[in-house]
Amino acid sequence: MGRLHLHIKNNRAGEALFRMTPARVAAALERRPDVAGRVHVTIDWDTDNFAASMNNAHGLLTWDLPTEDLARVAPNLKWIHIIGAGIEHLQPLDWLPRGVTLVNNRGIHAAKAGEYGVMAILMLNNHMPAHYDAQRAGRYDPHFATPVAGKTLAVIGVGAMGGAVARQAQRLGLHVIGLRRGGRNARGVHEMFGPEALDAVLGRADFVLITLPLTAETRNLIDRRRLDLMKPTAGLINMSRAAVVDYESLAAKLRAGSLAGAVLDVFDPEPLPTGSPLWNTPNLIATPHISSDDVESYAPLTLDLFFDNAARYLEGRPLRNRVRPRLGY
């Protein structure tokens, strides 16, 4: 074959850190001279020239795309790289043409996610949500804390992000329990279980960290019944997708004082509407989906992965970060 045609579909909406600009692409190709001369890269916005570009494209880098009749629109397409870890916005995947591999961005978020997760744990341990509420109300209301070392963190979904938080938490002296499909061990986790142990693990944890993909299995996984299994002194952190947790029940428990606090970075819809009761829920810190996106390195790391997969394709090797359509991640 001639040069590999790689197409990048940027979105005008959204944050600049997710845009793969010509300058960022050129810099990434300078880091991969073994690939630079073997690929032809086109860059566009939204669907301005999507059909024309995809007619010859072998690889596509994007967040979303028109999926209807894709096999006809892109007859040479071999893989699609989604610039996020979650692909729930593309479900169901019955549109994916036969022979086209879907890959995601898992792992890109790990370093930043690890830092955010530890920050959230320390904020909950030191009652910062309650102190923030008191500050807004003009109250001087001390809440004293004990050191975090020796307390228990449950990481629900030990993938790249959850694993990064687990390793950071272990350094602080936390006892880390993990849950993942198959129960395979991971660095930074003292005890690992499969999904069947979720109820038991929730009752042991001082901090519960959610880093799960959103699938049919995980939607509303942390419902009112499971929130009730948590210690009233425990805190919850959600860095995955809002629909994994029953936020209405979570807010009710926070208002009742039957859960100590929560740090939420994900919502549905986003941005969080101004009328949402979550804005005024006590003992809750809300951040606008920024936990794992590094403003400087997100795009370069994404492009490094994209071009590494281009090299792998040219060499006949398996692509990295392949999504399993049956599992949805």
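Is Tyr 313 buried, exposed or partly exposed, and at what relative accessibility? At 26% relative accessibility, Tyr 313 counts as partly exposed, a class that lies between buried (under 20% relative accessible area) and exposed (over 50%), with a 1.4 Å probe and protein chains only. The model is predicted, with local features needing pLDDT of at least 70 and side-chain atom pairs counting only at pLDDT 80 or more, while totals for chains, interfaces and linings use all residues. Residues are numbered from 1 along each chain as its sequence is written, and side-chain values use heavy atoms, without hydrogens and water.

Five aromatic pairs were found in a search of the whole structure. Rings of Phe, Tyr and Trp (its six-membered ring) pair if their centres lie within 6.5 Å; planes under 30 degrees apart count as stacked, over 60 as edge-to-face and the rest as tilted. The pair of Phe 18 and Tyr 298 is edge-to-face, because the ring centres are 5.2 Å apart and the planes stand at 90°. This pair links distant parts of the chain, 280 residues apart: Phe 18 is in the loop between strand S1 (4–10) and helix H1 (22–31), and Tyr 298 is in helix H11. Helices (H or I, at least four residues) and strands (E, at least two) are DSSP runs, numbered from the N terminus. Phe 18 is partly exposed at 26% relative accessible area, whereas Tyr 298 is buried at 2%.

Trp 79 and Tyr 313 form a tilted pair, with 5.7 Å centre to centre and 35° between the planes. Trp 79 lies in strand S4 (residues 79–82) and Tyr 313 in helix H11, 234 residues apart. Trp 79 is buried, at 0% relative accessibility. Ring pairs join Trp 79, Phe 306, Phe 307 and Tyr 313 into a cluster.
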